[in-house]
Amino acid sequence: MPTSVTPPQGARDRVESAATAAWARPATEDPQPPEATGHPQRVAIIGGGPGGLYAAALLKRLSPQRELTVWERNAPDDTFGFGVVLSDETLGGIEHADPVVYEALKKDFIRWDDIDIVHRSTRQTSGGHGFAALGRRRLLEILHERCRDLGVDLRFRSKGPHPDRLAQEYDLVIAADGVNSATREAYAHVFRPHVATHHCRYVWLGADFAFDAFRFEIAETEHGVMQLHGYPYAPDASTVIVEMHEDVWRAAGFQDLDETESVERCAKIFAEALRGRPLRSNKSAWTTFRTVVNERWSHGNVVLLGDAAHTAHFSIGSGTKLAVEDALALAACLEEQPTPAEALAAYEEERKPVVASTQRAARASLEWFEDLGLHLDQPPRQFAFNLLTRSRRVTHDNLRLRDARFTQAVEHEFGCPPGTPPMFTPFRLRGLTLRNRVVVSPMDMYSAVDGVPGDFHLVHLGARALGGAGLVMTEMVCVSAEGRITPGCTGLYTGRQAESWKRITEFVHAQSPGTAIGVQLGHSGRKGSTRLMWEGMDEPLPHGNWPLVAASPLPYKPDSQTPRELTRAQLTDIREQFTAAAWRAARAGFDLLELHCAHGYLLSGFLSPLTNRRTDAYGGSLEKRLRFPLEVFDAIRGVWPEERPMTVRISATDWAEGGTTADDAVEIARAFAAHGVDAVDVSTGQVVADDHPEFGRSYQTPYADRIRHTTGLPVIAVGAISSWDDVNSLILAGRTDLCALARPHLYDPHWTLHAAAEQGYDGPGVVWPAPYRAGSRRPRTGRTDAPKPRLTLGT
């Protein structure tokens, strides 16, 4: 859902800061509730927003004799923000749990299907999205009325007692007190919240007319790019959110304007979208979004709900949605479990993964808008598709079902032949044309003897070549015995190794014509002389170690071997080892060569400031840290055939403070581009042992996207890309040129062939080997029933 249902934080800050200050004293280490062995009968709820009110209504309906009290510091008719959007999924849950509330909501909903995206005076419309919205004030009125009818005690203009006291007097305390939750802060030592502040400013405003679609409008001003998010919530009213990067906000002087002046300025900037009409405010203040994550959601008999427990950026519209779904799950768990303690544990176990997934999608959406300027020069339809799929919740396949005409228009503009999914369009790198956009990512197999690839490698790489990918990459092939990661790593430092690799390339070319095979060359650096992965990844060998070398004498882990700092003479020797290996790779018949400058191996160790502490010409500034990797690249390019492409894999961030940043990665890519690289394979992390990656679906692709749109270089995206739908989405959105997949190809060597079969594609972008053609149809499977509603109550 691409709109907000979370009240504006800035407008609430002034009210909530006073409440937080009043509760500044620490809570007790462990609230002592009354002994509770059955369903809680006395329930206190802090916060009268939609989540708290709906939880009260559900719990009272489940047990009419239950005593429920809600404390809300504002008056009944006080509300911030304007409209609220709920998804069909959430509405379905409400309908099953409380038809009375659902019927009341249904009477006031405004429904629409279209999204309009306006950029550079061109409007693109995508349909089939199915939104339902109503005014936030009306939503609260409905919930107030339902709670009163059920006998809930609503106490307005009351902050309520401290949670210590409530926890002692009530069986259950539900903290639904918002993003600035005083309850969360009172027990911060237990909940362990993490609050991240982001880089855009935004303000919630209203318009006295109804948009006929959800509208995204982009304004390119002299100060930078700004965007409008607008949607109707009544026949004569719309919510309007104006957002821009903090730097743009300051350059435009908004920090010096009062509320009225800000509103008038926004209306002038987006006059076309507003049809010349004014905007209005409701205690509207510019603010920055904060993502709230808690390690725990409950403490004793106190539990967090809604924004107190978690927040997700308004651009995917999940604030009220998540709070209502929290309330549904909490009520169900309290009904199902024998004790409150077990119910709260079940609630947290159920909701945390759902919320984490939503927050990952919200972060992707948030960061897309922070980096909006990267995409402004895309063709209009591709820009619209990129925006619609920014969170990864809406995908190519999903959008094709919603609006086939729009999706086909994007594909046509991209250059897809009729009936051809984006992943099966060809791509050219120098003299090599790949028949599709799928790459089998380099995966270390640790199965060589003396660096020689054997039958295992022939079968492993041969199977994946037969499986339909456009490009199959070897594992990291080491340029010397001392440059191996483990004793099981392959090499290209002897003639015997080269002959074994030639056997594999000849098999690929003969048995899977049209499939390219590439070699990745690297040196382990300080991460060498370790055990096989399944014996202890990155753990030192128990015996038989070889000496390590690196940019600086820093061990990878505390118990790792300390490497020697490379001397100038040793740098020359290693450069020659790379050159010799490249020469052997060319003679072995590889179609593409990739230089491994990622994941903390030798060349990556020169690039990162965390691992390069040198004070000579090869350390210090980024320009100096690039010097040796570029020397190696130039030496390889000098012996590698001119018509064959070269790529470089980099870690675009170290996921560690003081390490390589996304901006550094752009400069690294530019430097390699100046030396003739044909594409950049964009990975992240694994440079230092104590990194903290933000894992998630396609989590590394924003780094590839940034490099592609900033430098113009072709990129290969990697990182938890697991479905053909992801591949199609990323390519059609212009976030990458190629997609490299690793684990999916371990699960299914014929992943690309099966992707074609599942999409009904049978064209030149993928070719079934003749012996396999009988299996080109997807086998039928048994029926799977949809899950039942989470909570169903009688009328």
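**Aspartate 678**

The model is predicted, so local features need a pLDDT of at least 70 and side-chain atom pairs count only at pLDDT 80 or more, while totals for chains, interfaces and linings use all residues. Residues are numbered from 1 along each chain as its sequence is written, and side-chain values use heavy atoms, with hydrogens and water left out.

I then noted that the side chain of aspartate 678 also reaches the backbone nitrogen of methionine 646, at 2.8 Å. Aspartate 678 sits in the loop between α24 (662–674) and β26 (679–683); helices (H or I, at least four residues) and strands (E, at least two) are DSSP runs, numbered from the N terminus. Is aspartate 678 buried or exposed? I found aspartate 678 buried, because its relative accessible area is 12%, and buried means under 20%, exposed over 50%, and partly exposed in between (1.4 Å probe, protein chains only). Leaving aside neighbours within four places in sequence, I listed Leu429, Arg430, Arg637, Pro645, Met646 and Pro714 as the residues in contact with aspartate 678, where contact means heavy atoms within 4.5 Å.

**The annotated span and the barrel**

I checked the UniProt record, an unreviewed entry, and its annotation "domain: NADH:flavin oxidoreductase/NADH oxidase N-terminal" covers residues 423–756; positions are given in the numbering used here, feature names are shortened, and annotations may be inferred rather than shown by experiment. In the model, the end C-alpha atoms of residues 423–756 lie 9 Å apart, and the span is 36% helix and 16% strand.

I traced a barrel closed by 8 strands in the order β19-β20-β21-β24-β25-β26-β27-β28, with parallel pairing; two strands pair if DSSP finds at least two bridges between them.

**Helix α26**

I went on to helix α26 (residues 724–732), which is mostly covered, with 9 of its 9 residues buried. Its buried residues pack against several elements, including α14 (380–388), α25 (701–711) and β28 (738–741). Just after α26, I noted that glycine 734 takes a positive phi of about 80°.

How many residues of strand β5 (residues 115–119) are buried? I counted 5 of the 5, so β5 is largely enclosed by the rest of the structure. Ile115, Ile117 and His119 point one way from β5, and Asp116 and Val118 point the other way.

I found that β5 pairs with strand β6 (residues 122–126) in the antiparallel sense over 5 bridges, with aspartate 116 having threonine 125 as its bridge partner in β6. These two strands form a hairpin with 2 residues between them, and arginine 120 in the turn has a positive phi of about 55°. With strand β11 (residues 214–221), β5 pairs in the parallel sense over 4 bridges, and the bridge partner of isoleucine 117 there is phenylalanine 216.

Serine 126 lies in strand β6, and I recorded it as buried with a relative accessible area of 1%. A polar contact of 2.8 Å joins the side chains of serine 126 and histidine 129.

**The open sheet**

I also followed an open sheet of 3 strands, in the order β3-β7-β4 with antiparallel pairing, whose edge strands β3 (83–86) and β4 (110–112) each pair on one side only. Helix α3 (residues 88–97) lies across β3, β4 and β7, running at about 85° to β3.

**Confidence**

Last, I looked at pLDDT, the predictor's confidence in each residue from 0 to 100: the protein chain averages 91, and 93% of the residues score at least 70. Over residues 1–25 the pLDDT is below 50, and beyond near neighbours in sequence this stretch has 93 contacts in the model.

How values were computed
Axes fitted to C-alpha atoms, helices over the stretch in contact; angles between N-to-C directions. Polar contact = N/O pair within 3.5 Å; in protein donor to acceptor, adjacent residues only side chain to side chain.
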